[in-house]
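Morning, everyone. Please bring the structure up on your screens. I'll take a few helices in turn.

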Amino acid sequence: MRLRPGLLSAVVTLALLGCERKQAPAPSPTPAPAAPAPAQSATGPLLIGTVGALTGPEAHFGSESRNGAQLAVEEANAAGGIQGRQLVLRSYDSQSKPEEAANAMTRLVNQDRALFVVGENQSSLSLAMAPAAAKGEVPMIAPSSTNPRVTAEGGPYVFRVCFTDTFQGQLLARYARETLKAERVAMLVDQKSDYAVGLAKVFATRFGALGGKIVAEEAYAKGDTDFRAQLTRAKAARPEVLFIPGYYSDVGPMARQARELGMRLTLLGGDGWDSGDRLGQLGGSAVEGALYSTHFAPDNPGGRVQGFIARYKARFGNVPDALGALGYDAARVGIDALRRSSGVGGPALREQVARTRDFDGITGKITLGPERDAVKPAIIVKLVKGQPVFAAEVSP
Ligand code: PHE
């Protein structure tokens, strides 16, 4: 594992503006099947879409990546668009629900004639959108869905600009065993999330192979708020680390309850914890010192990252988190491909997205291999006074 020192973030002023936004259609019992979209007119604006949670407990996931995509669109337009044509972004709210995400994708494909779609953040929701992408031959670029099944089962029209949980689960196991020197780990796993279940599995297998022991594996389901029974059982197994492969929205209350029960162990998680300073706000002192792997550290001193943070903050008023950076990268990968396909969508655009090589993203170099996944380093951050601070970089 390579280490580099963390530094402090820079940055600027604020301005707020909304981007074009539409509500997702109400779920209909028989959603219209997606059909291949006829090409958009050869002169009008080029429409691209985003689908993400804009309301509900994970609202910030979708807003951040939509803002990232919006910034990419505005920068591309300021640079002259594509062959003189402007790009327009249309965003839908998945409400963190698979059926809403699927409906939104169908609408983007059939009605809006989107050329490509950035979305979803959550693996279970990207999986729900994939059939409409395949049927409509509209490339979908997931910013942050890390479960391996997203692209493997999603088919040739589904890409992602992030690493997968096969990598993330293994590096977390190694970090727990070799850096934290843990021998005993307890896990608390959201059974309704493909992401959480998959990440837990990879972690457990690798941690075991490294000589560690999973001393407790407790289940919960999205929406639960009381985790005391599971935590009490986990505590009895005397773990040194509590691994929670879920989303930050669950981790806050969980961490508070764990501390109330007198658990003083290290809290460890994956990229689902990435939420800027929100986890710090939800968990307070209970999450101080907690560690998680992610795609982007805002205190990365590199000029590229700091320049992006300054532009994003000037536009939206806050320092972006991993989802803002990944939304920006996903949109730019799509726009770059669209430029190479001369603004033509469908199979021609898919072909160009698949040819993405060494694309200079904010979250690292992006090359889309035959699996349509990016292979990139992960960052481990530590919550210090509620803020994510760079702790380590791990290369594949
Ligand atoms: N990786 C998570 C998933 O696949 C989504 C996520 C990524 C959430 C990064 C927050 C930050 O479901």
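When I say helix, I mean a DSSP run of H or I with at least four residues, numbered from the N terminus. This is a predicted model.

Start with helix 8. Helix 8 covers residues 248-260, 13 residues in total. From first C-alpha to last, helix 8 reaches 19 Å, close to the expected 18 Å.

Which residues of helix 8 are buried? Tyr248, Ser249, Asp250, Val251, Gly252, Met254, Ala255 and Ala258. Those buried residues pack against several elements, among them strand 6 (184-190), helix 7 (228-236) and helix 9 (278-283). Strand 8 (241-244) and strand 9 (266-269) are also packing partners.

Now the helix pairs. Helix 1, residues 59-78, packs on helix 11, residues 322-340. The angle is about 40 degrees, and the axes are 7 Å apart. So helix 1 is oblique to helix 11. Their crossing is right-handed. Helix 1 brings residues including Phe61, Leu71 and Val73 to the contact; helix 11 brings, among others, Leu323, Tyr328 and Ile335. By class, that contact has 13 nonpolar, five polar and three charged residues.

Helix 11 also packs on helix 12, residues 346-354. Here the angle is about 120 degrees, with axes 8 Å apart. That makes helix 11 oblique to helix 12. This crossing is right-handed too. Val333, Gly334, Ala337, Leu338 and Arg340 of helix 11 meet Leu349, Gln352 and Val353 of helix 12. The contact divides into five nonpolar, two polar and one charged.

Conventions
Residues are numbered from 1 along each chain as its sequence is written. This is a predicted model: local features need pLDDT of at least 70, side-chain atom pairs count only at pLDDT 80 or more; totals for chains, interfaces and linings use all residues. Helices (H or I, at least four residues) and strands (E, at least two) are DSSP runs, numbered from the N terminus. The expected span of a helix is 1.5 Å times one less than its number of residues. A residue is buried if 20 or more other C-beta atoms lie within 10 Å of its own, exposed if 12 or fewer, and partly exposed in between; C-beta atoms are placed from the backbone. Two residues are in contact if their C-beta atoms, placed from the backbone, lie within 7 Å. Axes are lines fitted to C-alpha atoms, for helices over the stretch in contact, and angles run from 0 to 180 degrees between N-to-C directions. Angles under 35 degrees count as roughly parallel, over 145 as roughly antiparallel, 65 to 115 as roughly perpendicular and the rest as oblique. A crossing is left-handed if the near helix is turned anticlockwise from the far one by less than a right angle, and right-handed if clockwise. Ala, Val, Leu, Ile, Met, Phe, Trp, Tyr, Cys and Pro count as nonpolar, Asp, Glu, Lys and Arg as charged, and the others, Gly among them, as polar.
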